[in-house]
Amino acid sequence: MDGRHFAELTAFMAIHETRSFRDAAARLGVTASALSRTLRRLEDRLGLRLINRTTRSVSSTEAGLLLYAKLAPAVSSVEAAVEDAIALRTDLMGTVKLNLPRLAAELIMMPRLSKFRALYPGVRIDMVIDDALTDIVAKGFDAGIRIGERLAQDMIAVRLTKPYRIAVVGSPAYFLDRPQPETPYDLTAHDCINYRWSTNGQIYRWPFTDSDSALEVAVDGSLVLNDTGFIREAALAGLGLACLPEAIVEPHFENGELVRVLDDWCAPFPGFYLYHPSRHQTPAGLKALISFLQTEER
């Protein structure tokens with residue numbers, strides 16, 4: 001398809017959407033008579049009438065309705081591809097306001113900020129660390145990062161990581177005078193470090209699987225925190241058992257600072273997603289960040 005044919009299709013779509021030759025011509029920056037001639041060339045080329053027009057109304061024929069239904073998604077994809085290409089320019093400017101939990105900041109953003117800044121020096125990243133389920137639209141954020149199972153249903157979601165696994169860990173010092181738990185039910189005899197959700201004040205239940213069935217256990221202990229980083233530090237200090245994503249404690253397995261238990265009971269859970277309100281006119285800086293993070297994950 002050459003450029004003239006694409007122009008004809010664009011003219012037809014504008015007439016269909018506005019139901020007016022005058023309004024469609026104004027949108028495209030041409031005269032109404034020129035637009036009419038363009039449509040006539042398209043109809044002659046296809047051998048079909050696409051638009052019914054009278055002195056008082058403009059409407060699409062059955063063939064026109066079918067053609068528009070096929071064209072609209074394709075043109076939208078082309079426009080999105082062009083916008084994505086523009087977002088990869090290195091001279092982008094602006095600020096991306098991002099809301100995310102500490103865990104996502106530690107695992108996803110902080111290790112990659114240096115490289116992103118080198119690629120896009122004009123894009124400023126404004127991060128707010130927040131474990132609550134904040135309404136990013138109401139608070140003026142461009143996007144948020146959350147675990148997949150906690151995303152709002154009306155958001156555009158982009159996967160950033162593979163699924164994670166939970167790890168139950170304790171320090172060697174903690175196990176000096178305690179046996180290691182063999183099942184989640186043995187946790188009743190252990191001092192467990194609890195996590196409290198900032199949003200509703202509830203205590204996080206530790207998730208396990210038993211023969212493919214889900215199991216959530218309410219544990220007890222002498223310490224309650226609302227920050228995963230502090231929970232990890234408390235476990236390293238021998239203050240109790242912790243239930244954390246393995247990605248943030250795995251280095252401590254290798255150097256012997258933490259001991260993993262109940263490994264066979266720990267199943268994967270959804271990884272992190274970046275979410276934002278709409279695909280329409282997404283800020284170029286945010287598009288660049290999304291593309292960068294997806295490329296880094298691959």
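His 16 touches Ser 60, Leu 65 and Tyr 68, leaving out residues up to four places away in sequence; contact here means heavy atoms within 4.5 Å. The model is predicted, so that local features need pLDDT of at least 70 and side-chain atom pairs count only at pLDDT 80 or more, while totals for chains, interfaces and linings use all residues. Residues are numbered from 1 along each chain as its sequence is written, and side-chain values use heavy atoms, with hydrogens and water left out.

His 16 belongs to helix H1. Helices (H or I, at least four residues) and strands (E, at least two) are DSSP runs, numbered from the N terminus. With a relative accessibility of 15%, His 16 counts as buried; buried means under 20% relative accessible area, exposed over 50%, and partly exposed in between, for a 1.4 Å probe and protein chains only. The side chains of His 16 and Ser 60 are joined by a polar contact of 2.6 Å. A polar contact is a pair of N or O atoms within 3.5 Å; within protein, one must be able to donate a hydrogen and the other to accept it, and residues adjacent in sequence count only if both atoms are side-chain atoms.

Arg 19 lies in the loop between helix H1 (3–18) and H2. Its relative accessibility of 52% makes Arg 19 exposed. At the start of H2, a side-chain oxygen of Ser 20 comes to within 3.3 Å of the backbone nitrogen of Arg 22.

Helix H2 spans residues 21–28, and its buried residues are Phe 21, Ala 24 and Ala 25. They lie on the same side of H2 because they cover an arc of only 100° around the axis, the arc being that of the directions from the helix axis to the C-beta atoms. The exposed residues Arg 22 and Ala 26 are carried on the face of H2 turned away from its buried side. After H2 comes Gly 29, with a positive phi near 75°.

How are H2 and helix H3 (residues 32–46) placed, and at what angle do they pack? Their axes are 8 Å apart and the angle is about 95°. Axes are lines fitted to C-alpha atoms, for helices over the stretch in contact, and angles run from 0 to 180 degrees between N-to-C directions. H2 and H3 are therefore roughly perpendicular to each other; angles under 35 degrees count as roughly parallel, over 145 as roughly antiparallel, 65 to 115 as roughly perpendicular and the rest as oblique. On the H2 side, Phe 21, Ala 24, Ala 25 and Leu 28 meet Ala 32, Leu 35, Ser 36 and Leu 39 of H3.

Most residues other than glycine have a negative phi.

| Residue | Phi | Relative accessibility |
|---|---|---|
| Arg 19 | near 55° | 52%, exposed |
| Leu 262 | about 55° | 7%, buried |

Leu 262 is placed in the loop between strand S13 (259–261) and strand S14 (268–269).

Leu 98 lies in strand S3 (residues 94–100) and is buried, with a relative accessible area of 0%. Its contacts beyond four places in sequence include Met 109, Asp 126, Phe 141, Ile 145 and Leu 274. Leu 98 and Leu 286 are 188 residues apart along the chain, and their C-alpha atoms are separated by 9.3 Å.

Asp 126 lies in strand S4 (residues 123–129) and, at 28% relative accessibility, counts as partly exposed. Not counting residues up to four places away in sequence, Asp 126 touches Thr 95, Val 96, Lys 97 and Leu 98.

**Asp 227**

Asp 227 sits in the loop between strand S11 (223–225) and helix H7 (228–236), and it counts as buried at 11% relative accessibility. Its side chain reaches the backbone nitrogen of Gly 229 at 2.8 Å. Leaving aside residues up to four places away in sequence, Asp 227 touches Arg 102, Asp 131 and Tyr 195.

Six of the eight residues of helix H5 (residues 102–109) are buried, so H5 is largely enclosed by the rest of the structure. The buried residues include Leu 103, Leu 107 and Ile 108.

A nonpolar core is a set of buried Ala, Val, Leu, Ile, Met, Phe, Trp, Tyr and Cys residues joined through side-chain atoms within 4.5 Å. The largest has 57 residues, and those with the most contacts inside it are Ile 108, Ile 145, Trp 206, Phe 208, Phe 272 and Leu 274. A second, separate core of 18 residues includes Phe 12, Ile 15, Ala 25 and Val 58.
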